[in-house]
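For each label, give the value, the cut-off and the conclusion.

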Amino acid sequence: PIQTKRICPKRAKLKLARHRKIQSTTMTAPVTTYWRIAGLSYLQYVNRAASSVRTVLKEPAKRKALLQNNYYYKSAVWENGKQGAKTEVGAL
């Protein structure tokens, strides 16, 4: 038969307390992302990173990536449940 080692409850509590003390002293402080520390939102960080990557690309890929950077918006006014004419928005 397999024998199991019995531990008295007091000793188990002491062992657990010692483990928690060691764990609390070895754990690091909560990590904050560096874009938060810099005061950026995640969207601002991603846009800046993407623009940096686009600028360092070599020529065949750079031209293609810069074309993807161009975008435009169209706006339409709705009246009585019907969409009016779409107009291109120049600036946001």
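**Labels and their cut-offs**

Q: Why is Arg 63 called exposed?
A: Arg 63 has 52% relative accessibility. Exposed means over 50% relative accessible area, buried under 20% and partly exposed in between, with a 1.4 Å probe and protein chains only. Arg 63 therefore counts as exposed.

Q: What kind of model is this, and what is left out of the values?
A: The model is predicted; local features need pLDDT of at least 70, side-chain atom pairs count only at pLDDT 80 or more, and totals for chains, interfaces and linings use all residues. Residues are numbered from 1 along each chain as its sequence is written, and side-chain values use heavy atoms, with hydrogens and water left out.

Q: What makes Glu 59 and Arg 63 a salt bridge?
A: Their side chains meet at 3.5 Å, N to O. The rule asks for a side-chain nitrogen of Lys or Arg within 4 Å of a carboxyl oxygen of Asp or Glu, so the pair qualifies. By this rule the count comes to 1 salt bridge.

Q: Where do Glu 59 and Arg 63 lie?
A: Both are in helix α4 (residues 59-69), 4 residues apart, about one turn of the helix. Helices are DSSP runs of H or I with at least four residues, strands are runs of E with at least two, and both are numbered from the N terminus.

Q: Is Glu 59 buried, partly exposed or exposed?
A: Glu 59 has 45% relative accessibility, so it counts as partly exposed.

Q: Why is the pair of Tyr 42 and Tyr 45 called tilted?
A: By the ring rule the count comes to 1 aromatic pair. Tyr 42 and Tyr 45 form it, at 6.1 Å centre to centre and 45° between the planes. Rings of Phe, Tyr and Trp (its six-membered ring) pair if their centres lie within 6.5 Å; planes under 30 degrees apart count as stacked, over 60 as edge-to-face and the rest as tilted.

Q: Why does Tyr 45 count as partly exposed?
A: Tyr 45 has 25% relative accessibility, so it counts as partly exposed.

Q: How do you know that β1 and β2 pair?
A: Strand β1 (residues 73-79) is joined to β2 by 6 bridges, and the two run antiparallel. Two strands pair if DSSP finds at least two bridges between them, so these strands pair. Among the partners, Ser 75 is bridged to Thr 87 in β2. The strands form a hairpin with 2 residues between them.

Q: What makes strand β2 lie largely in the open?
A: The number buried among the 8 residues of β2 (residues 82-89) is 0, so the strand lies largely in the open. For the protein chain, buried residues make up 3% of the 92 residues.

Q: Where is confidence lowest, and where highest?
A: Confidence is lowest in helix α1 (residues 9-26), at a mean pLDDT of 65, and highest in β2, at 89. pLDDT is the predictor's confidence in each residue, from 0 to 100. Where pLDDT is low, the predicted coordinates should not be read in detail.
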